[in-house]
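Dear colleague,

Please find below the structure that I am handing over to you. My notes on what was found in it follow directly after.

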Amino acid sequence: MLIEDRITADSSLRVDTVELESERLIVNLAATTEGGRCPGCGVTSRRGHSYYHRNPVDLPIIGYGIRLRIRVRRFFCDCPHCPKCTIAEHFPDLLPYGARRTARRQRRLSRLRSKSVLNVAHDSLHGLAFR
């Protein structure tokens, strides 16, 4: 499937479902790893704490806007000397820390900005580039 190949080629995610919502596809993703690695101490934990969803925007496919719905799991860090109590999964190849856009969408937007000879507002360029 085109969506699975594009989304999961460089990450540890799997596509669970794809939903059509007016002119946008909602792609539900989940991690394929068994645990999360603590950035504080480096210990891998498999003891689950909770989960939440991140909803970044990706590049369109065949005229449809793409919104990812990533289920991010949180784990307890079991290292007694680590200052972190819980850790969340990260997917740096697809989605930078705290980003609302995928890395490839951000790269595309940056290229468009650098090639633009007009002084266009960020919101205007963003709207025109990704309809």
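**Salt bridges and charged residues**

A search of the whole structure, which is a predicted model, finds six salt bridges.

The protein has three helices and eight strands. Along the sequence these elements follow the pattern α-β-β-β-β-β-β-β-β-α-α. Of the 131 residues in the protein, 31% are buried.

**Pairs of opposite charge**

Side chains of opposite charge can pair when their charged atoms come close.

One of the salt bridges joins Asp58 and Arg104, with 2.9 Å between the closest N and O atoms. Asp58 belongs to strand β6 (residues 57–61) and Arg104 to helix α2, so this pair ties together parts that are 46 residues apart in sequence. Are the two partners buried or exposed? Both Asp58 and Arg104 are buried; for Arg104 the relative accessible area is 15%, which is why it is classed in this way, the cut-off being under 20%. The side chains of Arg104 and Asp58 are also joined by a polar contact of 2.9 Å.

Arg73 and Glu89 form another of the salt bridges, and their closest N and O atoms are 2.4 Å apart. Arg73 is placed in strand β7 (residues 64–76), while Glu89 is in the loop between β8 (86–88) and α2, so the pair ties together parts that are 16 residues apart in sequence. Glu89 is buried, because its relative accessible area is 5% and the cut-off is under 20%.

A further salt bridge is that of Glu21 with Arg24, where the closest N and O atoms are 3.5 Å apart. Glu21 counts as partly exposed because its relative accessibility is 39%. Arg24 likewise counts as partly exposed, at 31% relative accessibility.

Arg54 is located in strand β5 (residues 48–54).

**Surface patches**

The positive patch is formed by Arg107, Arg108, Arg111 and Lys115. Arg107 is situated in helix α2 (residues 103–115), and Arg104 is found in helix α2 as well. Arg107 counts as partly exposed because its relative accessibility is 48%, whereas Arg104 is buried.

The nonpolar patch consists of Leu20, Ile62 and Tyr64, which together have about 340 Å² of accessible area. Where does Ile62 lie? Ile62 is in the loop between β6 and β7. With a relative accessible area of 69%, Ile62 is exposed, because the cut-off for that class is over 50%.

Yours sincerely,

A colleague

Methods:
Residues numbered from 1 in each chain as written. Predicted model: local features only at pLDDT ≥ 70, side-chain atom pairs only at ≥ 80, totals over all residues. Heavy atoms only, no water. Patch = residues over 30% accessible without salt bridge, like charges linked within 9 Å, V, L, I, M, F, W, Y side chains within 5 Å. Areas by Shrake-Rupley, 256 points an atom, 1.4 Å probe, with all protein chains shown as cover. Salt bridge = Lys/Arg side-chain N within 4 Å of Asp/Glu carboxyl O. Lys, Arg positive; Asp, Glu negative; His and termini not counted. Charge placed at Lys NZ, Arg CZ, Asp CG, Glu CD. Helix = DSSP H or I, 4+ residues; strand = E, 2+ residues; numbered from the N terminus. Buried < 20%, exposed > 50% of the residue type's maximum accessible area, 1.4 Å probe, protein only. Polar contact = N/O pair within 3.5 Å; in protein donor to acceptor, adjacent residues only side chain to side chain.
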